[in-house]
Amino acid sequence: MKTLIVVPARYESSRFPGKPLIQLTGVDGKKKPLIQRSWEAAIAVKNVDVIVATDDDRIRIVAEGFGAKVVMTSQKCANGTERCADAIANIDMKYDLIVNLQGDAPLSPAWFVQDLIDSFENNLITDMATPVLRCDPDTILAFKDDRSAGRVGGTTAVFDHNNKALYFSKEVLPYSNKTDAPIYHHVGIYAYRPASLAQYITWEEGPLEAEEGLEQLRFLENGCHIQCVEVDGKGRAFWEVNNPSDVPRVNMMLQKLKIS
């Protein structure tokens with residue numbers, strides 16, 4: 001399938017202004033901005049095209065500086081999915097699949113994206129697919145620590161026996177006091193059929209999306225089929241940069257993975 005990966009990035013953020021340009025430190029002490037590390041995660045996927053989508057010239061200048069192709073988008077885009085839709089409307093190439101690898105997810109392994117792409121083969125009912133990762137005890141504790149401290153951390157996913165999404169939340173779902181509970185971390189990557197992405201921007205924000213601040217809930221609120229694709233972390237931890245307090249954690253993970 002001809003696939004485009006879009007790395008959406010915005011400068012303004014209520015929790016972390018300027019987040020895409022924050023410097024992250026790899027194993028050799030080399031510092032790179034978050035947007036570059038997320039772009040590098042995207043270009044590690046084979047046989048895809050990659051663009052950065054932003055509405056901010058500061059991000060554009062930095063991204064073009066490290067070699068990314070940049071598409072400028074409207075400042076009216078409310079989230080990464082809207083930015084992806086706006087970006088593909090401004091390019092001439094046509095694709096079978098659009099992947100949104102969010103600009104705050106530099107630890108996304110290439111095989112997570114490949115598993116998403118593969119999930120669409122011989123599958124006609126899925127409007128959108130997204131990875132989920134079974135949480136280990138340390139991740140569950142980290143989620144709960146964030147919540148108890150009043151921080152908005154990672155997102156969890158709940159799905160049925162066929163892995164069709166039932167709900168996504170910034171709360172830790174399902175509720176459990178066990179450290180080995182079946183809690184799944186929703187990885188911030190989405191793959192859409194172009195027609196589904198075009199529909200998305202015609203819908204108004206619903207009450208669930210508004211309360212949780214999760215863009216994928218707009219698909220659920222409009223009856224779409226979201227396929228949760230369980231991925232294998234292969235022993236490596238996953239975390240996103242949601243808050244300034246996540247930077248040391250992600251730096252540590254980059255160094256542990258020997259990513260320069």
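Reader: What share of the contacts in the protein chain with a separation of 6 or more comes from residues 24 or more positions apart?
Author: This is a predicted model, where local features need pLDDT of at least 70, side-chain atom pairs count only at pLDDT 80 or more, and totals for chains, interfaces and linings use all residues. Side-chain values use heavy atoms, without hydrogens and water, and residues are numbered from 1 along each chain as its sequence is written. Contact means heavy atoms within 4.5 Å. For residues 24 or more positions apart, the share is 70%.

Reader: How much of the protein chain is buried?
Author: Buried means under 20% relative accessible area, with a 1.4 Å probe and protein chains only. Of the 260 residues, the buried part is 55%.

Reader: Which residues touch the most other members of the largest nonpolar core?
Author: A nonpolar core joins buried Ala, Val, Leu, Ile, Met, Phe, Trp, Tyr and Cys residues through side-chain atoms within 4.5 Å. The largest has 49 residues. The most connected are I5, V52, V113 and I189.

Reader: Which residues does V113 contact, leaving aside neighbours within four places in sequence?
Author: Two of its partners, I5 and I189, are also among the residues touching the most core members.

Key. Buried means under 20% relative accessible area, exposed over 50%, partly exposed in between (1.4 Å probe, protein chains only).
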